[in-house]
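Subject: Structure for you to look at

Hello,

Here is the structure I said I would pass on. Please open it next to this email and follow along.

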Amino acid sequence: MTAIQITDLYKLKSFSQPFGTPDRTFFVQTQMNKEKNDYQANILAIEGNGTVQPYTNGGKNLQPIVVGNSLYYRHQDNQGHYQLMKMPVDGGVATPVTKENGSVDDLRFSPDGTLAFLKVTLSPEKDEEKDQGLTPRHLTKVQNKADGIGWLPTENVYELKTFDQETGETKLIKSFSHDFHLQDVSADTQEIAYLAAEHPDWTDKFDTSQAVYVYNRQTDQTTWVTASIPNGVFTDAAFSPDQSRMAIIGSDYHAYSATVNQLYVYDTKSNELTKPAQDEQVNVGYGNPIADDWTQNPSHVSGFWVDNDTYLYTAVHHGHSQLYRYHAQENTTEKVHEADRHIVDFAMIDNQNIVFVHSTAEKAGEIRALNIETKAERILTNPNADYESTHQYAPTESFYYKTADGKAEVQGWFTKAQTNNDTAPLILYIHGGPHAAFANTFFQEFQALAGEGFNVLYVNPRGSTSYGEDFATDVMGHYGENDYADVMTAVDYALTHFKGINPDKVFVAGGSYGGFLSTWIIGHTDRFQAAIVQRPAIDWFNLYHNSDIGVPFVTMELGADLYKDKAYQLYWEKSPLAYADKITTPVRIQHGEADRRCPPSQSEALFTAVKRTGTECDYIRYPKSFHGFSRNGKPSLRVQRMQDIVDWFKKF
């Protein structure tokens, strides 16, 4: 059996957006195309007899929804815009049902299937050849860019439209000058729930909010559903079938992105928003990120109403997924399923059965069905089965260890090197965030590193999510303290509890916050033989001014505003750049040139500082790459980035 290789990025497939019917289950399969150097997303269906049939072939095809005898989905055209497509469920030719000048960027059908509600984005056309890129950019808002996007558009129009599947007519319902995210449509088709920022007109402050609104197309009135929790951040909103309630997932954001997301319920008659009794240490929904590099095109839909009384939703706790059920009559929640895995996406088939996509540290993904009542579970398909028949995933073990101060337990994972040697080097890998979490999920990079002969150690130090809010907020105002101690203790634990580690070849790597902590580590100890620092946050002054989330993020994470609190000394003392003159560990720096979250100037400063000390150091810049390019960037650059990591560590 062959170990997982770096270039297997092109061979493995990822799955998402399941849609179940009594006869077949549709899903989106994403695969990287080496020749085109992009991602192909196709819609496939699992038939009742277990065979898998493709419905599309090439390009990007998303959001499969079955209405009657028709399959609807969004297809990306040659201009990069999405249009709504329709084809017979039993197979046939797909036809476009919209010909928008803009892009159909979201889609929801009314419960009765008569109307499709579309979000259409209209962007002004630019004649790049005539302009030659010389038009000056006039900025008036301090919040003017976003990672993954670049400069925020100022002239876009966002339209809410309906498409009548019987008549084929498309009608404009409402236009917005700011972006919004469709969530749900009421049973009577009159009300549309959506998410949007509360203060799109602010020019001198950052608006981190994401509120829930309901627009009534009959009265032309908009209700701010989450007004009782101003500045909250919400990720999901869904009407009950009888429209008496809405299930809403999110938080008041009091602890910034460390805040635990919870379930809220909105009474549409009394206009009251309440929070049912629930475990307040459990992160509800998909809002708190799981650190992986494999999931592509998730639906981001965290729950579904089973009936007027019952809402089923997902959650993450201690690095794995759970399913909960809310009972409206009792106003209670109960855990109905839990396993050591990551439920990437799920959908209802009927009132008792769901279809879901899951992955584990040793499995790229499968599509399964689960009966919530009987707990019976079965595999529907594994499109990677042929690949897995000739390749072997590296064994990965989850473990817990006590922190050095004895105040907490930290969860970690150890992926064993696939080598015939008695011992192999160890890489301590640190996640970003810091309010994210490693989990029982597939990480192709860690498997590839194991295939190259490295043991990989990754842990969730204090600051990580899925272990309760106190655990997640521990790092805030205390960067480089308990988090630093926790990862160093992890190395000690691994060396004494796992066989096959060469104690003289221990390396460290990490990106974003992981880049912060990696740089902090090598500025405070020479224990590691080499380091990889990726897209780091190493200078809080620079990050405050230049990051797309700089002012609110840095202020909340350090516990002080640079100017209002005169926190100049704190910002410098907590910057790894302040200790760059003490770095003796050979370090390779990696950064995407289009990164707006941690701008490349962070790495440039680190590179200059370390080179001035005489320590061995180099710096690799990856073109056309945003902050998250290791997860969704150009496939060729993802391969190159991993090869650059392997080459650096093998050198030492």
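How much space lies in the largest cavity? The answer is about 60 Å³. Please keep in mind that this is a predicted model.

**Cavities**

A search of the whole structure gives three cavities of 30 Å³ or more. The largest cavity is lined by Ser-14, Phe-15, Asp-292, Trp-294, Thr-295, Val-344, Val-357, Ser-359, Ala-364, Gly-365, Thr-441 and Phe-442. Strand 2 (14-20), strand 30 (353-360) and strand 31 (363-371) are the elements that give two or more residues to this lining. Sorted by class, the lining of the largest cavity has six nonpolar, five polar and one charged residues.

The second largest cavity has a volume of about 50 Å³. Among the residues that line it are Leu-9, Leu-12, Thr-30, Gln-31, Met-32, Tyr-39 and Arg-638. Strand 3 (residues 25-33) gives the largest share of the lining of the second largest cavity, three residues. By class, that lining has five nonpolar, four polar and two charged residues.

**A pocket**

The second largest pocket has a volume of about 560 Å³. It is lined by 18 residues, and Lys-205, Phe-206, Val-551, Pro-552 and Lys-564 lie nearest its centre. Which helix gives the largest share of this lining? Helix 8 (residues 550-558) does, with four residues. The lining of the second largest pocket divides into nine nonpolar, four polar and five charged residues.

**Helix packing**

Two packed helices are described by the angle between their axes and the distance between the axes. Two pairs can be looked at in this way.

The crossing of helix 3 with helix 12 is right-handed. Where they meet, helix 3 brings Gln-444, Glu-445, Ala-448 and Leu-449, and helix 12 brings Arg-641, Met-642, Ile-645 and Val-646. The residues of this contact divide into five nonpolar, one polar and two charged.

In the other pair, helix 5 (residues 482-497) packs with helix 6 (residues 513-522) at an angle of about 75°, with the axes 11 Å apart. Angles of 65 to 115 degrees count as roughly perpendicular, and helix 5 and helix 6 are therefore roughly perpendicular to each other. From helix 5, Asp-483, Tyr-484, Val-487 and Met-488 meet Tyr-513, Phe-516, Leu-517, Trp-520 and Ile-521 in helix 6. The contact of helix 5 with helix 6 has eight nonpolar residues, no polar ones and one charged.

**Backbone details**

Where is there a cis peptide bond? It joins Gly-433 and Pro-434, and its omega is about 5°. Pro-434 lies in the loop between strand 36 (424-430) and helix 3.

Lys-375 has a phi near 70°, a positive value in a residue other than glycine. Lys-375 is found in the loop between strand 31 and strand 32 (377-381). Strand 31 came up above, as one of the elements in the lining of the largest cavity.

Regards

Notes: Residues are numbered from 1 along each chain as its sequence is written. This is a predicted model: local features need pLDDT of at least 70, side-chain atom pairs count only at pLDDT 80 or more; totals for chains, interfaces and linings use all residues. Side-chain values use heavy atoms; hydrogens and water are left out. A crossing is left-handed if the near helix is turned anticlockwise from the far one by less than a right angle, and right-handed if clockwise. Contact means heavy atoms within 4.5 Å. Ala, Val, Leu, Ile, Met, Phe, Trp, Tyr, Cys and Pro count as nonpolar, Asp, Glu, Lys and Arg as charged, and the others, Gly among them, as polar. On a 1 Å grid over the protein atoms alone, a cavity is a set of points where a 1.4 Å probe fits but cannot get out, and a pocket is an open set with protein on both sides within 12 Å along at least five of seven lines; lining residues have an atom within 4 Å of a point. Grid points are joined across faces, edges and corners, and a volume is the space filled by probe spheres set on the points. Axes are lines fitted to C-alpha atoms, for helices over the stretch in contact, and angles run from 0 to 180 degrees between N-to-C directions. Angles under 35 degrees count as roughly parallel, over 145 as roughly antiparallel, 65 to 115 as roughly perpendicular and the rest as oblique.
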